[in-house]
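Here's a quick tour for anyone meeting this structure for the first time. Have a look at it before reading on.

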Amino acid sequence: MISIHNLSKYYGPFRALDRLSFEVGKGEILGLLGPNGAGKTTTMRIITCYLPPTSGTVHIGDLDILENPLGVKKLIGYLPEFAPLYTDMLVYDYLSYVASIRELSSVRKEKRIAELVDICGLSEVMHRPFRELSRGYKQRVGLAHALMCDPEILVLDEPTSGLDPNQIVDIRAIIKEIGREKTIIFSTHILSEAEATCDRIIIIDRGRIVADGTAESIKSSGHIQFHLSLVGAHYPDVRTHLSALPGVEGIRRLTGDSAEELRVQITCRRDIRTEISRVAKERDWMVVEFAKEKGSLESIFRELTMPDESNTAGKKPRRKRIKR
Amino acid sequence: MTAKASIRIMRRELAFYFVSPIAYIVIVVFLIATGWSFFSVFFLNGRADLRDFFSLLPLILAFVVPAVTMRLFSEEFSSGSYEILLTLPVSTIDILAGKFLAALSLVLLMLIPTLSYPFFVASLGELDWGPVAGSYLGTIFLIGLLCAVGLFASSLTKNQIVAFIIGAAMCLFLTQVHRILFLIPVFLTGIFQFLGASTHFNNIGKGVVDSRDLLYFVSSSFVALYITNIVIENKR
């Protein structure tokens with residue numbers, strides 16, 4: 001449905017997108033994740049024909065965004081980041097204006113607005129000017145705006161920002177419901193949200209894709225961390241013996257020298273619990289606690305998007321391609 | 001470009017003018033200014049014509065039109081609603097045409113009450129209707145040009161006040177340049193006289209409708225709109 005190929009965008013010398021390529025299938029709900037300034041909004045603005053790309057191509061169905069922007073815009077419902085609508089218009093007038101621009105007939109328009117009032121819970125604010133609305137209601141009007149023409153593709157830029165927890169649950173339910181038939185791309189900072197709503201997640205960092213796959217596959221691709229508490233062991237000793245094990249990437253002490261119990265954090269590439277316990281047995285360490293830290297999307301997100309010392313700016317961020 | 005989309009945008013813009021106090025304020029100010037310019041000297045001169053009214057009208061319009069057009073793009077840029085507008089299935093030409101037509105119709109609307117002046121004058125003496133009709137025709141073309149220029153000013157900035165000042169400066173130049181021709185080197189006066197709208201306006205106002213003058217207004221309005229379209233296409 002959407003295919004993006006080698007998409008780059010420069011704002012002056014600043015590179016916002018760096019040869020981004022991905023495809024979104026029909027009926028897929030795609031979550032775009034990434035830290036601030038990663039290029040999420042830029043990507044969405046290019047897909048919706050608001051910004052022209054510096055290079056690369058975007059096709060919506062078989063329409064090219066540069067060759068047939070009007071056709072593309074007809075297929076897409078877009079909710080911008082801050083839902084900046086016309087502040088002096090009444091909500092009803094605004095929706096009716098959007099409906100007429102979307103070329104809905106007057107009978108269908110009334111029907112559609114009534115449906116959207118229901119879906120987005122707008123009945124109380126229909127005759128209030130937009131500027132008087134709370135953040136959450138603005139967001140809902142924005143969503144109604146995006147849904148107006150029952151678009152094939154929905155592009156939602158942080159749809160749940162500024163909403164209260166109940167509204168977030170509502171909006172997620174709406175997204176899930178619509179996503180059964182339609183293609184949805186939405187961006188978010190909230191990882192649990194992406195996990196709960198999306199069929200697929202793409203993590204972007206500094207204009208590049210660093211991970212692409214389902215929440216499950218991304219989670220399982222990260223490093224595994226163990227917490228080990230030992231009695232009767234010395235840290236240098238533990239360090240030497242454990243780091244000799246294949247698959248161990250790092251060991252960190254969590255307690256001080258004087259503590260009776262030594263707690264270490266072991267970062268591994270794979271599950272090596274049996275090897276660790278064997279070493280402990282051989283060295284006669286008393287294992288009092290041995291826990292596997294659950295790989296959360298948060299930790300993977302941090303791992304993929306935090307600029308660490310060994311990977312200084314300018315170098316390519318590590319890229320993970322996960323089979324879906 | 002689709003006429004339907006332009007008309008919808010025009011209707012929204014016009015509705016906005018009348019929902020907010022802008023339209024009423026501008027209309028009142030315009031009518032007071034034109035009324036004053038007409039009546040202040042009318043009884044002193046004792047002539048049954050509208051020459052004084054039409055000689056001051058371009059100056060008044062040079063301030064009124066930018067006040068009408070200043071928000072058309074600036075507001076969209078500053079509130080961010082331009083993003084919404086551009087992601088709806090409309091082209092920049094639709095947007096531009098809609099906004100231009102909205103400004104044009106509002107200003108033409110405020111011109112309607114001034115139609116009472118010629119009837120008033122005609123009731124007092126012999127009024128030559130030819131120049132009056134010509135002047136109104138010229139005014140319509142002049143308003144078109146000033147709206148296009150005002151829109152261009154509005155497309156340059158997200159600040160409405162800046163848009164007004166730029167717009168008023170350009171409109172003042174167009175309507176008043178004939179008054180400062182003596183400051184301009186002789187070999188340039190011809191060009192400036194041609195560039196200024198007043199010569200053409202006065203020609204039409206004499207009741208002589210020359211295609212050259214009409215062509216001036218149509219082409220210069222078109223040029224202003226064309227540049228505006230380039231600006232708004234790149235303002236993203």
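Let's start with B:Cys147: leaving aside residues up to four places away in sequence, B:Cys147 touches B:Val65, B:Thr69, B:Phe100, B:Ala103, B:Leu104 and B:Val107. Keep in mind that this is a predicted model.

B:Cys147 also turns up in the largest nonpolar core, which has 138 residues.

Now for chain A as a whole. It holds eleven helices and 14 strands, and buried residues account for 39% of its 324 residues. The C-alpha trace spans about 80 × 45 × 35 Å along its principal axes. Take the contacts in chain A between residues at least 6 apart in sequence: 70% of them join residues at least 24 apart.

One open sheet in chain A has four strands, running S2-S1-S4-S5 with antiparallel pairing. Strands S2 and S5 of chain A stand at the edges with a single partner strand each, so one side of each has no neighbour in the sheet. S4(A) and S5(A) pair in the antiparallel sense over two bridges, and A:Ile60 stands opposite A:Leu63 in S5(A).

| Strand | Residues |
|---|---|
| S2 (chain A) | residues 14-24 |
| S4 (chain A) | residues 55-60 |
| S5 (chain A) | residues 63-64 |

Note on methods. Residues are numbered from 1 along each chain as its sequence is written. Chains are lettered from A and ligands numbered from 1 in the order in which they are written. This is a predicted model: local features need pLDDT of at least 70, side-chain atom pairs count only at pLDDT 80 or more; totals for chains, interfaces and linings use all residues. A residue is buried if 20 or more other C-beta atoms lie within 10 Å of its own, exposed if 12 or fewer, and partly exposed in between; C-beta atoms are placed from the backbone. Two residues are in contact if their C-beta atoms, placed from the backbone, lie within 7 Å. Two strands pair if DSSP finds at least two bridges between them. A nonpolar core is a set of buried Ala, Val, Leu, Ile, Met, Phe, Trp, Tyr and Cys residues joined through C-beta atoms within 7 Å.
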